[in-house]
Structures are given as structure tokens and as C-alpha cells.
There are 2 protein chains.
Amino acid sequence: MKTELEYLNIYQKKHGLKRSRQRNRILEIFLSTDRHVSAEDLLEMVKKKYPDIGYSTVYRSLNLFHKAGIARLVEIGDGVARYENALKQKQHHHLICENCGRILEFTDPKVDEMIEKNARKKKFKVTRRRIDVFGLCDRCRAQK
Amino acid sequence: MKTELEYLNIYQKKHGLKRSRQRNRILEIFLSTDRHVSAEDLLEMVKKKYPDIGYSTVYRSLNLFHKAGIARLVEIGDGVARYENALKQKQHHHLICENCGRILEFTDPKVDEMIEKNARKKKFKVTRRRIDVFGLCDRCRAQK
DNA sequence: TATAAAAATGATTTTCGGTTTCATATTTAA
DNA sequence: TTAAATATGAAACCGAAAATCATTTTTATA
């Protein structure tokens with residue numbers, strides 16, 4: 001199994017991009033968390049160890065990681081683009097509490113498979129799925 | 001079965017809101033299309049028949065329709081909020097082409113049921129589901 | 001019916017991410 | 001070593017969502 005850095009190097013070579021110290025450092029920090037991070041979030045984490053790296057570079061690196069298949073885009077509907085480690089984190093879906101904003105996760109290969117089947121019927125090639133379920137989490141249900 | 005206007009009136013009464021001519025007219029136009037419309041799109045349609053209605057009112061009305069359960073939010077990932085008739089259009093899921101932006105639709109009660117089951121496992125009460133599948137549509141696959 | 005309180009309107013401004021620009025620095029192939 | 005191309009970081013720009021505000025409309029009640 002290839003590492004994230006290997007993926008990145010392959011993608012860069014394929015597209016005639018150059019390596020850069022900053023990008024590798026940003027990748028290092030990105031890989032160090034299991035959370036969903038926005039460019040802003042990641043910048044904050046990066047700054048702690050590498051104060052000289054700027055917002056643009058983090059922003060552009062995240063987009064690049066996404067294109068290279070290293071980062072998976074997670075949109076919860078608040079207009080902020082967040083990313084998670086696509087290789088380490090298994091594809092999962094979200095239960096989003098409309099009351100407290102808490103996000104629970106679930107995975108279900110059967111669901112994914114059935115969606116795939118529906119797509120195939122329409123001759124559609126799937127690259128990415130997003131399943132978000134909105135409602136009330138157990139805690140919020142209890143206190144209401 | 002209640003009409004959209006009845007839903008709106010019930011919601012308005014429940015929340016101490018007043019009626020307004022503009023809002024009813026905007027609803028009339030919103031109901032006249034089967035497309036997904038943004039506030040901007042809807043404004044354009046509204047202006048043709050009622051030129052004096054402004055953007056803010058359309059924008060606020062759409063949000064209100066959404067809260068009242070009349071309009072369903074559809075986000076295809078370009079940062080623009082679009083809405084569709086929630087009562088007339090059966091809940092369906094989207095196949096979004098990342099190349100041309102075309103949106104295909106599918107319904108599958110089994111998928112919905114399985115998602116419901118996953119939610120139940122986490123004691124989560126579902127009010128709304130969103131399944132968006134990104135990838136390449138048949139047309140775009142053919143020409144590549 | 002008159003009226004006062006509250007909500008709605010529409011023009012405008014503000015906010016806030018995402019994205020682009022540009023001068024400078026770094027990387028890399030030859 | 002050097003020339004061409006990419007990357008960087010600060011700042012500007014962009015576009016849609018959301019908020020503001022003076023004025024108008026609605027509605028409950030006297």
C-alpha cells in the first residue's frame with residue numbers, strides 16, 4: 001500500500017509540478033489529525049510548528065491533496081470546505097444533529113453498494129458519494 | 001393532502017408571522033417550475049410577472065419556504081443554494097456530473113430504509129436525508 | 001373603523017469563504 | 001550553472017449569504 005506522500009509525488013510528476021518543502025510540511029500536519037479540517041483549521045495547526053507558512057499555500061495544498069486523492073472533501077452544509085484523510089479514514093456517512101450540530105458517523109457497505117447499482121443503471125461513473133442525514137441526536141431527543 | 005399555501009399559512013400562524021402579498025406571489029412562481037432554483041433564478045422568474053419585487057424578499061421567502069417544509073434544499077457543491085418543491089417532487093437523490101454539471105436523479109426506497117436502520121442504531125431521529133453522488137455522466141464519459 | 005405594535009419590504013451594506021493576482025523565491029532539467 | 005517553470009505569501013478580488021435600516025404593510029384590539 002502506497003503512502004500519502006508517494007501518492008502526492010506520483011500526482012506531481014504526472015502533472016509536471018515541482019516538489020516543495022512547504023507542501024510536504026503541510027501534508028505532515030494534515031496526516032497528523034483524524035478530524036475534518038478546513039483550510040483555516042489546518043493553517044492554525046501548521047502555524048504552530050511552521051509559523052512562516054501562509055494561508056494561500058495551505059489552501060492550495062489542500063486542493064492539491066484533494067485532486068491527488070489524498071484528501072476527501074466533506075461538506076456539512078455550512079459553506080465551509082473541510083477535508084479528511086482519504087486513505088486512512090474509511091468512507092463514512094454523517095448523521096448531523098440539527099439542534100446541537102453534533103456529527104455522528106456510520107458506515108454501511110451495503111448502502112454504498114446499492115447506490116453504486118443505481119448509478120450503474122444510469123451509466124454514471126461514481127467518484128464520490130455524500131450521504132448526510134439530518135435530524136435529532138439521542139442527547140437532544142432526551143432533553144426535549 | 002394540504003396545499004403548499006396551507007402549509008405556509010400554518011407555519012406563519014405558528015410563528016406569529018404576517019401574510020404578505022409578495023410572499024404569496026413568490027410562492028406562486030416557485031410552484032410553477034419543476035427545476036431547482038436559486039434565489040437569483042427565482043428572482044428572475046418573479047420579475048417577469050411582478051417587476052417590483054426585490055431580491056431580498058425572494059431570498060427571505062425561499063428560506064421561509066424551506067423552514068415551512070415547502071422547499072427542499074439542493075446543494076450541488078458550487079456554493080449556490082438551490083431549492084425544489086418538496087411536496088410535488090418525490091424525495092430523490094442526485095447523480096451530479098462533475099464535468100458538465102448535469103444532475104440525474106434516482107429513487108430507491110431500499111436505500112432510504114437502510115439509512116433509516118443505521119440511524120436507528122445510533123438512536124438518531126431522521127428528519128431529512130441527502131444523498132449526492134458525484135462523478136461522470138454517460139455523455140461526458142462517452143466524449144472522453 | 002381607527003390605531004398602535006409588530007412584521008415585511010427593498011435597497012443597500014456587510015460578512016465571509018474561496019479564488020486569483022503579482023512580485024519574489026525556489027525547484028529542476030539541461 | 002543557468003534558464004525556464006513552478007511555488008510562495010501577502011494582498012486584492014469575487015460572489016453569494018446574511019444583516020441593516022428606513023419605510024410600508026399587516027393585524028389584533030380598542
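## The surface near DNA strand C

Let's start at the DNA: the residues near DNA strand C (a heavy atom within 4 Å of it) comprise six nonpolar, seven polar and seven charged ones. Here Ala, Val, Leu, Ile, Met, Phe, Trp, Tyr, Cys and Pro count as nonpolar, Asp, Glu, Lys and Arg as charged, and the others, Gly among them, as polar.

This is a predicted model: local features need pLDDT of at least 70, side-chain atom pairs count only at pLDDT 80 or more, and totals for chains, interfaces and linings use all residues. Residues are numbered from 1 along each chain as its sequence is written, chains are lettered from A and ligands numbered from 1 in the order in which they are written, and side-chain values use heavy atoms, leaving out hydrogens and water.

## Touching the phosphates

A polar side-chain atom of Ser20(B) lies 2.4 Å from a phosphate oxygen of DNA strand C, while for Gly54(B) a backbone N or O atom lies 3.3 Å from one.

## Where the chains meet

Now look between the proteins: 35 residues of chain B are in contact (heavy atoms within 4.5 Å) with 36 residues of chain A. Three salt bridges are counted between the two chains, a salt bridge being a side-chain nitrogen of Lys or Arg within 4 Å of a carboxyl oxygen of Asp or Glu. Arg128(A) and Glu98(B) form a salt bridge through their side chains, at 3.9 Å from N to O.

Note on methods: Polar contact = N/O pair within 3.5 Å; in protein donor to acceptor, adjacent residues only side chain to side chain.
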